[in-house]
Amino acid sequence: MKEVAVVGGSGFVGGELLRLLLRHPEVRITQVTSDSMAGRSIGRSHPNLRKATDLTYIRHSALTPADVTFVATPHGESMSRTPELLASGGTVIDLSADFRLRDPALYPKYYHAAHPHPELLGESVLGLPELYRERLRAARLIAVPGCIATAAILALRPLVDAHLLGPSPVVVDSKSGSSASGRDSGPAGLHAERAGVMRAYAPEGHRHTAEIEQETGSRIALTCHAVEAVRGVLATCHAFLARPVEEKELWRTYRSAYGSEPFVRIVHESDGLYREPEPKILAGTNYCDIGFAVDRHAERVVALAALDNLMKGAAGGAVQCFNVRHGFPETTALEFLGLHPI
Amino acid sequence: MTQCPECEATVENRAMVIGEIFPCRDCGTELEVTGNEPLAVMPAPKEAEDWGE
(Lines give C-alpha, C1' and ligand atoms only; values in the text may rest on other atoms or scores of the structure.)
Protein backbone atom coordinates (compact mmCIF):
# COMPACT_ATOMS: atom_id res chain seq x y z
CA MET A 1 0.00 0.00 0.00
CA LYS A 2 1.41 3.41 -1.00
CA GLU A 3 0.47 6.77 0.45
CA VAL A 4 -0.10 9.10 -2.47
CA ALA A 5 -0.43 12.87 -2.87
CA VAL A 6 -1.87 14.59 -5.93
CA VAL A 7 -0.62 18.12 -6.56
CA GLY A 8 -2.91 20.16 -8.75
CA GLY A 9 -5.92 17.89 -8.37
CA SER A 10 -8.65 20.22 -9.59
CA GLY A 11 -7.84 20.19 -13.30
CA PHE A 12 -9.04 17.65 -15.82
CA VAL A 13 -5.90 15.53 -15.52
CA GLY A 14 -6.03 15.76 -11.73
CA GLY A 15 -9.62 14.56 -11.77
CA GLU A 16 -8.74 11.63 -13.98
CA LEU A 17 -5.85 10.72 -11.68
CA LEU A 18 -8.17 10.78 -8.67
CA ARG A 19 -10.76 8.65 -10.49
CA LEU A 20 -8.12 5.97 -11.10
CA LEU A 21 -6.29 6.19 -7.79
CA LEU A 22 -9.45 6.09 -5.66
CA ARG A 23 -10.11 2.58 -7.01
CA HIS A 24 -6.49 1.41 -6.97
CA PRO A 25 -6.21 -1.40 -4.40
CA GLU A 26 -2.62 -0.47 -3.48
CA VAL A 27 -3.17 3.27 -3.00
CA ARG A 28 -4.28 5.45 -0.14
CA ILE A 29 -4.66 9.08 -1.22
CA THR A 30 -3.59 11.26 1.68
CA GLN A 31 -3.51 14.76 0.15
CA VAL A 32 -4.89 16.56 -2.87
CA THR A 33 -3.76 20.12 -3.44
CA SER A 34 -5.32 23.02 -5.28
CA ASP A 35 -4.85 26.65 -4.27
CA SER A 36 -8.00 27.72 -6.09
CA MET A 37 -10.16 25.00 -4.48
CA ALA A 38 -8.59 24.81 -1.00
CA GLY A 39 -11.12 23.71 1.61
CA ARG A 40 -13.65 22.44 -0.90
CA SER A 41 -14.60 18.86 -1.57
CA ILE A 42 -13.16 16.85 -4.46
CA GLY A 43 -16.66 16.36 -5.82
CA ARG A 44 -17.07 20.11 -6.28
CA SER A 45 -14.59 20.11 -9.17
CA HIS A 46 -15.07 16.49 -10.25
CA PRO A 47 -18.77 15.64 -9.93
CA ASN A 48 -18.20 12.08 -11.11
CA LEU A 49 -16.28 11.53 -7.85
CA ARG A 50 -19.13 12.63 -5.55
CA LYS A 51 -19.30 10.45 -2.45
CA ALA A 52 -16.27 8.47 -3.61
CA THR A 53 -14.05 10.22 -1.07
CA ASP A 54 -14.22 12.51 1.95
CA LEU A 55 -11.02 14.28 0.94
CA THR A 56 -10.96 18.05 0.56
CA TYR A 57 -8.40 20.15 -1.28
CA ILE A 58 -5.52 21.67 0.64
CA ARG A 59 -3.18 24.46 -0.43
CA HIS A 60 0.06 23.54 -2.21
CA SER A 61 2.01 25.05 0.67
CA ALA A 62 0.44 22.56 3.11
CA LEU A 63 1.74 19.53 1.22
CA THR A 64 3.73 17.04 3.33
CA PRO A 65 5.91 14.14 2.09
CA ALA A 66 4.23 11.08 0.61
CA ASP A 67 5.47 7.79 -0.82
CA VAL A 68 4.49 9.00 -4.27
CA THR A 69 3.56 12.49 -5.42
CA PHE A 70 1.70 12.93 -8.69
CA VAL A 71 2.13 16.46 -10.03
CA ALA A 72 -0.59 17.70 -12.38
CA THR A 73 0.10 21.43 -12.33
CA PRO A 74 0.46 23.61 -15.44
CA HIS A 75 3.78 23.60 -17.24
CA GLY A 76 6.46 25.53 -15.39
CA GLU A 77 5.05 25.19 -11.89
CA SER A 78 6.76 22.00 -10.77
CA MET A 79 10.26 22.88 -12.00
CA SER A 80 11.21 24.65 -8.78
CA ARG A 81 9.29 22.48 -6.32
CA THR A 82 10.43 19.05 -7.49
CA PRO A 83 13.87 18.99 -5.77
CA GLU A 84 12.11 19.52 -2.45
CA LEU A 85 9.68 16.69 -3.19
CA LEU A 86 12.52 14.39 -4.17
CA ALA A 87 14.49 15.28 -1.05
CA SER A 88 11.66 13.92 1.06
CA GLY A 89 12.49 10.49 -0.30
CA GLY A 90 9.41 9.72 -2.33
CA THR A 91 8.82 9.14 -6.01
CA VAL A 92 7.61 12.04 -8.14
CA ILE A 93 5.46 11.39 -11.20
CA ASP A 94 5.16 14.67 -13.08
CA LEU A 95 2.46 15.01 -15.72
CA SER A 96 3.58 18.46 -16.85
CA ALA A 97 6.28 19.12 -19.43
CA ASP A 98 8.79 20.25 -16.81
CA PHE A 99 11.04 17.18 -16.90
CA ARG A 100 10.29 15.59 -20.28
CA LEU A 101 13.10 17.10 -22.33
CA ARG A 102 16.67 15.99 -21.70
CA ASP A 103 18.24 19.01 -23.42
CA PRO A 104 17.84 22.10 -21.19
CA ALA A 105 18.39 24.37 -24.20
CA LEU A 106 14.97 23.33 -25.53
CA TYR A 107 13.08 24.82 -22.58
CA PRO A 108 13.59 28.48 -23.56
CA LYS A 109 12.64 27.62 -27.15
CA TYR A 110 9.45 25.67 -26.41
CA TYR A 111 8.45 26.85 -22.93
CA HIS A 112 9.89 30.38 -22.90
CA ALA A 113 11.91 29.93 -19.70
CA ALA A 114 15.27 28.53 -18.69
CA HIS A 115 15.05 25.36 -16.62
CA PRO A 116 16.03 26.07 -13.00
CA HIS A 117 17.18 22.48 -12.34
CA PRO A 118 18.80 21.13 -15.50
CA GLU A 119 20.70 18.60 -13.38
CA LEU A 120 17.43 16.68 -12.92
CA LEU A 121 16.73 16.37 -16.65
CA GLY A 122 19.29 13.61 -17.01
CA GLU A 123 17.81 11.70 -14.11
CA SER A 124 14.20 12.00 -15.15
CA VAL A 125 12.78 8.93 -16.95
CA LEU A 126 10.14 9.44 -19.61
CA GLY A 127 6.91 7.78 -18.55
CA LEU A 128 6.45 5.45 -21.50
CA PRO A 129 6.70 1.85 -20.27
CA GLU A 130 6.75 0.65 -23.86
CA LEU A 131 10.17 2.32 -24.23
CA TYR A 132 11.57 2.61 -20.72
CA ARG A 133 10.00 -0.14 -18.59
CA GLU A 134 13.27 -1.28 -16.99
CA ARG A 135 14.45 2.24 -16.15
CA LEU A 136 11.04 3.09 -14.71
CA ARG A 137 11.35 0.30 -12.15
CA ALA A 138 14.02 2.29 -10.30
CA ALA A 139 13.14 5.88 -11.21
CA ARG A 140 12.84 8.65 -8.62
CA LEU A 141 11.47 11.17 -11.10
CA ILE A 142 9.11 10.15 -13.90
CA ALA A 143 7.98 12.61 -16.60
CA VAL A 144 4.82 11.52 -18.36
CA PRO A 145 4.94 12.65 -22.01
CA GLY A 146 2.30 14.86 -23.61
CA CYS A 147 -0.78 13.34 -25.18
CA ILE A 148 0.06 14.11 -28.81
CA ALA A 149 3.67 13.14 -28.20
CA THR A 150 2.64 9.80 -26.69
CA ALA A 151 0.54 8.97 -29.72
CA ALA A 152 3.15 10.04 -32.27
CA ILE A 153 6.06 8.38 -30.48
CA LEU A 154 4.24 5.06 -30.16
CA ALA A 155 3.26 5.20 -33.84
CA LEU A 156 6.72 6.10 -35.14
CA ARG A 157 9.28 4.52 -32.87
CA PRO A 158 8.97 0.96 -34.26
CA LEU A 159 9.47 2.32 -37.80
CA VAL A 160 12.58 4.18 -36.67
CA ASP A 161 14.00 1.19 -34.83
CA ALA A 162 13.47 -0.95 -37.93
CA HIS A 163 15.34 1.62 -40.08
CA LEU A 164 12.38 1.94 -42.44
CA LEU A 165 12.28 5.72 -42.67
CA GLY A 166 14.12 7.83 -45.21
CA PRO A 167 15.79 11.17 -44.53
CA SER A 168 12.72 13.36 -45.13
CA PRO A 169 10.97 14.97 -42.16
CA VAL A 170 8.01 13.05 -40.79
CA VAL A 171 4.74 14.96 -40.99
CA VAL A 172 2.55 14.46 -37.92
CA ASP A 173 -1.01 15.73 -38.22
CA SER A 174 -2.89 15.57 -34.94
CA LYS A 175 -6.49 16.12 -33.94
CA SER A 176 -7.34 16.77 -30.31
CA GLY A 177 -10.47 17.02 -28.20
CA SER A 178 -11.12 20.06 -26.06
CA SER A 179 -10.06 18.54 -22.72
CA ALA A 180 -6.48 18.48 -24.00
CA SER A 181 -6.23 22.21 -23.45
CA GLY A 182 -7.14 21.90 -19.80
CA ARG A 183 -9.77 23.34 -17.53
CA ASP A 184 -8.57 26.92 -17.95
CA SER A 185 -8.26 27.05 -21.71
CA GLY A 186 -9.64 30.57 -22.00
CA PRO A 187 -11.92 31.78 -24.80
CA ALA A 188 -10.89 28.91 -27.09
CA GLY A 189 -12.75 26.55 -24.80
CA LEU A 190 -16.06 28.40 -24.85
CA HIS A 191 -18.84 26.36 -26.39
CA ALA A 192 -19.59 29.14 -28.85
CA GLU A 193 -16.03 29.00 -30.11
CA ARG A 194 -15.40 25.30 -29.81
CA ALA A 195 -18.62 23.76 -31.14
CA GLY A 196 -18.22 22.51 -34.69
CA VAL A 197 -14.57 23.48 -34.75
CA MET A 198 -11.93 22.11 -37.14
CA ARG A 199 -9.18 24.58 -36.28
CA ALA A 200 -5.46 24.33 -37.00
CA TYR A 201 -4.44 25.86 -33.69
CA ALA A 202 -0.74 25.11 -34.17
CA PRO A 203 0.15 24.77 -37.87
CA GLU A 204 3.79 24.54 -36.78
CA GLY A 205 5.90 25.04 -33.71
CA HIS A 206 3.83 23.00 -31.23
CA ARG A 207 5.87 22.21 -28.14
CA HIS A 208 5.30 18.46 -28.39
CA THR A 209 7.55 18.59 -31.45
CA ALA A 210 10.54 18.51 -29.12
CA GLU A 211 9.38 15.38 -27.29
CA ILE A 212 8.67 13.48 -30.48
CA GLU A 213 12.03 14.42 -31.97
CA GLN A 214 13.81 13.44 -28.76
CA GLU A 215 12.27 9.96 -28.76
CA THR A 216 12.35 9.20 -32.49
CA GLY A 217 15.50 10.98 -33.63
CA SER A 218 13.54 12.15 -36.67
CA ARG A 219 12.88 15.67 -37.86
CA ILE A 220 9.22 16.22 -37.05
CA ALA A 221 6.81 18.55 -38.86
CA LEU A 222 3.84 18.72 -36.49
CA THR A 223 0.49 20.36 -37.18
CA CYS A 224 -2.21 20.29 -34.48
CA HIS A 225 -5.95 20.68 -34.95
CA ALA A 226 -8.79 21.17 -32.51
CA VAL A 227 -11.85 19.10 -33.40
CA GLU A 228 -15.37 18.54 -32.12
CA ALA A 229 -14.68 16.11 -29.28
CA VAL A 230 -14.14 16.33 -25.53
CA ARG A 231 -11.61 13.51 -25.24
CA GLY A 232 -9.31 11.98 -27.79
CA VAL A 233 -6.18 12.38 -29.86
CA LEU A 234 -5.62 11.00 -33.33
CA ALA A 235 -2.08 11.39 -34.64
CA THR A 236 -1.70 10.69 -38.34
CA CYS A 237 2.00 10.37 -39.16
CA HIS A 238 3.16 10.58 -42.77
CA ALA A 239 6.61 9.03 -43.03
CA PHE A 240 8.52 8.62 -46.26
CA LEU A 241 10.26 5.30 -46.64
CA ALA A 242 13.90 4.47 -47.12
CA ARG A 243 12.90 1.58 -49.42
CA PRO A 244 9.72 -0.10 -50.63
CA VAL A 245 7.90 -1.87 -47.81
CA GLU A 246 5.08 -4.42 -47.83
CA GLU A 247 2.28 -4.36 -45.30
CA LYS A 248 3.38 -7.72 -43.93
CA GLU A 249 6.71 -6.19 -42.93
CA LEU A 250 4.86 -3.49 -41.03
CA TRP A 251 2.77 -6.12 -39.29
CA ARG A 252 6.01 -7.86 -38.24
CA THR A 253 7.54 -4.56 -37.14
CA TYR A 254 4.62 -3.45 -34.98
CA ARG A 255 3.95 -6.94 -33.67
CA SER A 256 7.57 -7.22 -32.59
CA ALA A 257 7.36 -3.87 -30.77
CA TYR A 258 3.94 -4.19 -29.16
CA GLY A 259 2.82 -7.82 -29.36
CA SER A 260 3.13 -8.25 -25.60
CA GLU A 261 2.23 -4.73 -24.51
CA PRO A 262 -0.87 -4.55 -22.31
CA PHE A 263 -2.04 -1.16 -23.57
CA VAL A 264 -0.96 -0.94 -27.20
CA ARG A 265 -3.18 -2.67 -29.74
CA ILE A 266 -2.39 -3.00 -33.43
CA VAL A 267 -5.57 -2.08 -35.29
CA HIS A 268 -5.49 -2.54 -39.05
CA GLU A 269 -8.43 -4.63 -40.09
CA SER A 270 -9.71 -5.57 -43.49
CA ASP A 271 -13.36 -4.93 -42.86
CA GLY A 272 -15.82 -3.23 -40.53
CA LEU A 273 -16.48 0.34 -39.40
CA TYR A 274 -13.45 0.67 -37.14
CA ARG A 275 -10.69 -0.63 -39.39
CA GLU A 276 -8.10 1.87 -38.21
CA PRO A 277 -7.58 3.52 -34.80
CA GLU A 278 -10.46 5.73 -33.63
CA PRO A 279 -10.21 7.77 -30.41
CA LYS A 280 -13.96 7.79 -29.81
CA ILE A 281 -14.15 4.21 -28.56
CA LEU A 282 -11.07 4.69 -26.35
CA ALA A 283 -12.63 7.29 -24.04
CA GLY A 284 -11.80 6.39 -20.47
CA THR A 285 -9.46 3.56 -21.44
CA ASN A 286 -5.69 3.35 -21.23
CA TYR A 287 -5.26 1.93 -24.71
CA CYS A 288 -3.26 3.40 -27.52
CA ASP A 289 -4.42 1.85 -30.79
CA ILE A 290 -1.85 1.84 -33.59
CA GLY A 291 -2.69 1.40 -37.27
CA PHE A 292 -0.86 1.79 -40.55
CA ALA A 293 -1.16 1.78 -44.32
CA VAL A 294 1.38 1.67 -47.12
CA ASP A 295 1.01 4.25 -49.88
CA ARG A 296 3.04 2.74 -52.71
CA HIS A 297 2.30 5.69 -55.00
CA ALA A 298 4.19 8.08 -52.75
CA GLU A 299 6.49 5.55 -51.02
CA ARG A 300 4.88 6.63 -47.78
CA VAL A 301 3.72 4.86 -44.67
CA VAL A 302 0.78 6.36 -42.86
CA ALA A 303 1.05 5.47 -39.18
CA LEU A 304 -1.97 6.25 -37.02
CA ALA A 305 -2.27 6.37 -33.26
CA ALA A 306 -5.40 7.01 -31.22
CA LEU A 307 -5.76 7.44 -27.46
CA ASP A 308 -7.69 9.24 -24.76
CA ASN A 309 -5.63 12.33 -23.97
CA LEU A 310 -6.60 12.23 -20.29
CA MET A 311 -5.83 8.52 -19.97
CA LYS A 312 -2.93 6.99 -21.93
CA GLY A 313 -2.01 10.56 -22.81
CA ALA A 314 -1.80 11.69 -19.15
CA ALA A 315 -3.34 10.14 -16.00
CA GLY A 316 -3.63 6.57 -17.25
CA GLY A 317 -0.04 6.64 -18.44
CA ALA A 318 1.01 8.00 -15.06
CA VAL A 319 -0.78 5.23 -13.16
CA GLN A 320 0.73 2.66 -15.50
CA CYS A 321 4.18 4.06 -14.63
CA PHE A 322 3.26 3.99 -10.93
CA ASN A 323 2.38 0.31 -11.26
CA VAL A 324 5.65 -0.45 -13.03
CA ARG A 325 7.70 1.57 -10.55
CA HIS A 326 6.25 -0.14 -7.50
CA GLY A 327 5.95 -3.66 -8.82
CA PHE A 328 2.16 -3.83 -9.00
CA PRO A 329 0.50 -5.59 -11.94
CA GLU A 330 0.78 -3.07 -14.76
CA THR A 331 -2.92 -3.06 -15.57
CA THR A 332 -4.10 -2.40 -12.00
CA ALA A 333 -6.87 0.22 -11.96
CA LEU A 334 -6.60 0.55 -15.75
CA GLU A 335 -8.70 -2.31 -17.02
CA PHE A 336 -11.73 -0.37 -18.29
CA LEU A 337 -12.52 -1.50 -21.84
CA GLY A 338 -14.41 1.59 -22.97
CA LEU A 339 -17.94 2.11 -24.21
CA HIS A 340 -19.64 1.34 -27.48
CA PRO A 341 -21.68 2.97 -28.72
CA ILE A 342 -20.66 6.27 -27.20
CA MET B 1 -0.58 -24.03 -36.90
CA THR B 2 -0.13 -21.70 -39.87
CA GLN B 3 -0.05 -17.99 -40.69
CA CYS B 4 -2.63 -15.54 -41.91
CA PRO B 5 -1.72 -14.87 -45.56
CA GLU B 6 -2.56 -11.19 -45.12
CA CYS B 7 -0.76 -10.20 -41.89
CA GLU B 8 1.26 -13.29 -40.88
CA ALA B 9 -0.51 -13.64 -37.55
CA THR B 10 -0.28 -17.12 -36.09
CA VAL B 11 -3.39 -19.17 -36.80
CA GLU B 12 -3.85 -22.20 -34.57
CA ASN B 13 -5.79 -25.29 -35.44
CA ARG B 14 -8.86 -25.44 -33.22
CA ALA B 15 -10.35 -28.60 -34.72
CA MET B 16 -11.55 -26.63 -37.72
CA VAL B 17 -13.02 -28.34 -40.72
CA ILE B 18 -12.32 -27.70 -44.37
CA GLY B 19 -14.54 -24.91 -45.65
CA GLU B 20 -14.91 -23.28 -42.24
CA ILE B 21 -14.65 -19.50 -42.35
CA PHE B 22 -13.28 -17.49 -39.44
CA PRO B 23 -11.74 -14.02 -38.95
CA CYS B 24 -8.02 -13.51 -38.39
CA ARG B 25 -7.55 -12.37 -34.81
CA ASP B 26 -5.19 -9.55 -35.82
CA CYS B 27 -6.32 -8.13 -39.16
CA GLY B 28 -9.91 -9.34 -39.26
CA THR B 29 -9.59 -10.88 -42.72
CA GLU B 30 -12.10 -13.68 -43.17
CA LEU B 31 -10.10 -16.87 -43.74
CA GLU B 32 -11.31 -20.15 -45.16
CA VAL B 33 -9.82 -23.45 -44.05
CA THR B 34 -8.54 -25.25 -47.14
CA GLY B 35 -6.70 -28.09 -45.40
CA ASN B 36 -6.21 -29.39 -41.89
CA GLU B 37 -3.31 -31.83 -41.99
CA PRO B 38 -1.41 -29.54 -41.95
CA LEU B 39 -3.69 -26.56 -41.39
CA ALA B 40 -3.98 -24.35 -44.48
CA VAL B 41 -6.02 -21.20 -44.93
CA MET B 42 -6.67 -18.63 -47.63
CA PRO B 43 -8.68 -15.40 -47.71
CA ALA B 44 -12.32 -16.37 -48.00
CA PRO B 45 -13.98 -15.28 -51.23
CA LYS B 46 -16.06 -12.16 -50.76
CA GLU B 47 -19.72 -12.35 -51.50
CA ALA B 48 -20.21 -11.54 -55.15
CA GLU B 49 -22.67 -8.91 -56.27
CA ASP B 50 -23.25 -10.40 -59.72
CA TRP B 51 -25.22 -13.62 -59.34
CA GLY B 52 -25.09 -14.48 -63.01
CA GLU B 53 -28.61 -13.66 -63.97
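1. Cys288(A) takes part in no disulfide, and the nearest cysteine sulfur, in Cys237(A), lies 9.8 Å away.

2. Cys321(A) is likewise buried, with a relative accessible area of 0%. Its sulfur is 14 Å from the closest cysteine sulfur, that of Cys288(A), which is too far for a bond. Over all chains, 0 disulfides (pairs of cysteine sulfur atoms within 2.5 Å) are found.

3. The model is predicted: local features need pLDDT of at least 70 and side-chain atom pairs pLDDT 80 or more, whereas totals for chains, interfaces and linings use all residues. Residues are numbered from 1 along each chain as its sequence is written, chains are lettered from A and ligands numbered from 1 in the order written, and side-chain values use heavy atoms, without hydrogens and water.

4. The largest pocket holds about 1,200 Å³ of space. A pocket here is an open set of points on a 1 Å grid where a 1.4 Å probe fits, with protein on both sides within 12 Å along at least five of seven lines; lining residues have an atom within 4 Å of a point. Its lining comprises 49 residues, with Pro74(A), Ala180(A), Ser181(A), Gly182(A) and Arg183(A) nearest the centre. Domain 1 (2-144 + 311-325) and domain 2 (147-307) of chain A each supply at least three lining residues.

5. The second largest pocket has a volume of about 480 Å³. Among its 19 lining residues, Val264(A), Arg265(A), Ile266(A), Arg25(B) and Asp26(B) are closest to the centre.

Terms used:
Grid points are joined across faces, edges and corners, and a volume is the space filled by probe spheres set on the points. Domain bounds come from an automatic or database domain assignment. Buried means under 20% relative accessible area, exposed over 50%, partly exposed in between (1.4 Å probe, protein chains only).
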